[in-house]
Amino acid sequence: KLDPTLMREELLAKWGALGVLGRIYVAEEGINAQLCVPSARFDEFEAQVHSYPEFADIPFKIAVEEKDTPSFYKLAIKIKDKIVADGLSDESFDVTDTGEYVTAKEFNEYIDDEDAVVVDMRNAYESEVGHFKGAILPAVESFREELAVVPELLKDKKDKKIALYCTGGIRCEKASAYLKHQGFKNVYQLHGGIIDYKHQIEREGLTSKFKGKNFVFDERLGERITDDVLAKCHQCDRMCDDYTNCANVE
C-alpha cells in the first residue's frame with residue numbers, strides 16, 4: 001500500500017535533485033503528476049519512476065505544445081485524500097472495473113456512430129474552449145458535480161455505447177467505473193485523454209474531431225489542438241479562447 005507521506009519525502013528529494021518542476025498530488029490510490037523535466041535528465045527521471053513497483057507501468061503523457069511561458073515555477077508535492085475529489089465512497093463499487101480503452105481512431109468512429117454517446121468529463125470552463133464534435137458538455141464546475149449529473153443525463157441511453165473523454169484520462173478512470181456501477185453496460189474511455197489523442201492523430205494522419213484548445217492546469221492554461229476558436233471573451237464578447245489567471249494580473 002502506497003504511503004503518501006513517505007512517497008512525498010522521497011520524491012521531493014529525488015526529483016528536486018533532477019531539477020524537476022511541477023504540481024504533484026499523492027494519495028493512497030495513486031499519483032497525478034504534472035511536471036517539467038530537464039531534457040538531459042529525462043532518462044534518469046524515467047528510470048527512477050519505474051523503479052517504484054507502484055509506478056512500474058505508469059503512462060507518460062507528453063505535452064502537445066510548449067510556450068514561452070514556463071508551465072511551472074517550482075516543485076510542489078501535496079498529499080491528498082484522493083487524486084481527484086469525486087465525492088464518492090470507493091468502497092461502494094469496484095473502482096478497478098473501468099471502461100474499455102479506445103484509440104483515437106476508434107474514438108473518431110464513435111463520434112460518427114449514431115449508437116454512441118460521447119461525454120466530456122471535464123468542467124464547463126474547460127470544454128468551453130475546446131471539445132469533441134457532438135459531445136455532451138455538462139454545465140458543471142467540478143468533477144464531483146459531474147459525477148452526480150452525468151448518470152441523470154444518460155438515464156435513457158443505457159443501451160448506447162457511452163464514450164468518455166477528459167484531459168489525460170484520469171477522471172475517466174473513476175467516471176467509467178462509476179457509470180458501470182450505475183448499470184451502464186457499454187462504457188468506453190479515450191486512452192490517454194485529449195493529450196494523447198493529439199499525438200495519435202498526428203502519427204496516424206487522422207482528422208481531429210476535437211476542435212479548439214485543450215485546457216491544462218498549469219501556467220499555460222491551454223494547448224492548441226486545432227486553429228478553431230470556439231469561445232468568446234466574457235467581457236467584450238469577441239471570439240477568444242485565451243484564459244488569464246486574474247489573480248496574477250496587476
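Trainee: How many of the residues of strand 7 are buried?
Mentor: This is a predicted model, in which local features need pLDDT of at least 70 and side-chain atom pairs count only at pLDDT 80 or more, while totals for chains, interfaces and linings use all residues. Residues are numbered from 1 along each chain as its sequence is written, and side-chain values use heavy atoms, with hydrogens and water left out. Strands (E, at least two residues) and helices (H or I, at least four residues) are DSSP runs numbered from the N terminus, and buried means under 20% relative accessible area, exposed over 50%, and partly exposed in between, with a 1.4 Å probe and protein chains only. For strand 7, which spans residues 161–165 and is mostly covered, the number of buried residues is 4 of 5.

Trainee: Which residue of strand 7 is the bridge partner of Val117?
Mentor: Two strands pair if DSSP finds at least two bridges between them, and strand 5 (residues 116–120) is joined to strand 7 by 5 bridges, the two running parallel. Within this pairing, the partner of Val117 is Ile162.

Trainee: Which residue of strand 8 stands opposite Leu164?
Mentor: Strand 8 (residues 187–190) pairs with strand 7 in the parallel sense over 3 bridges. The residue that faces Leu164 there is Gln189.

Trainee: Which strands stand at the edges of the open sheet?
Mentor: The open sheet has 4 strands in the order 4-8-7-5, with parallel pairing. One side of each edge strand is left without a neighbour in the sheet, because each has a single partner strand, and these are strand 4 and strand 5.

Trainee: Within what arc do the buried residues of helix 3 fall?
Mentor: In helix 3 (residues 104–111), the buried residues are Ala104, Phe107, Asn108, Tyr110 and Ile111. The arc is taken from the directions between the helix axis and the C-beta atoms. Seen down that axis, these residues line one face of the helix, because they fall within an arc of 160°.

Trainee: What is the N to O distance in the salt bridge between Glu109 and Lys105?
Mentor: A salt bridge is a side-chain nitrogen of Lys or Arg within 4 Å of a carboxyl oxygen of Asp or Glu. Glu109 and Lys105 both lie in helix 3, 4 residues apart, about one turn of the helix. Glu109 counts as partly exposed at 41% relative accessibility, as does Lys105 at 44%, and their side chains meet at an N to O distance of 2.9 Å.

Trainee: Are Asp218 and Arg220 buried or exposed?
Mentor: Asp218 forms a salt bridge with Arg220, with the closest N and O atoms 2.8 Å apart. As for accessibility, both residues are buried.
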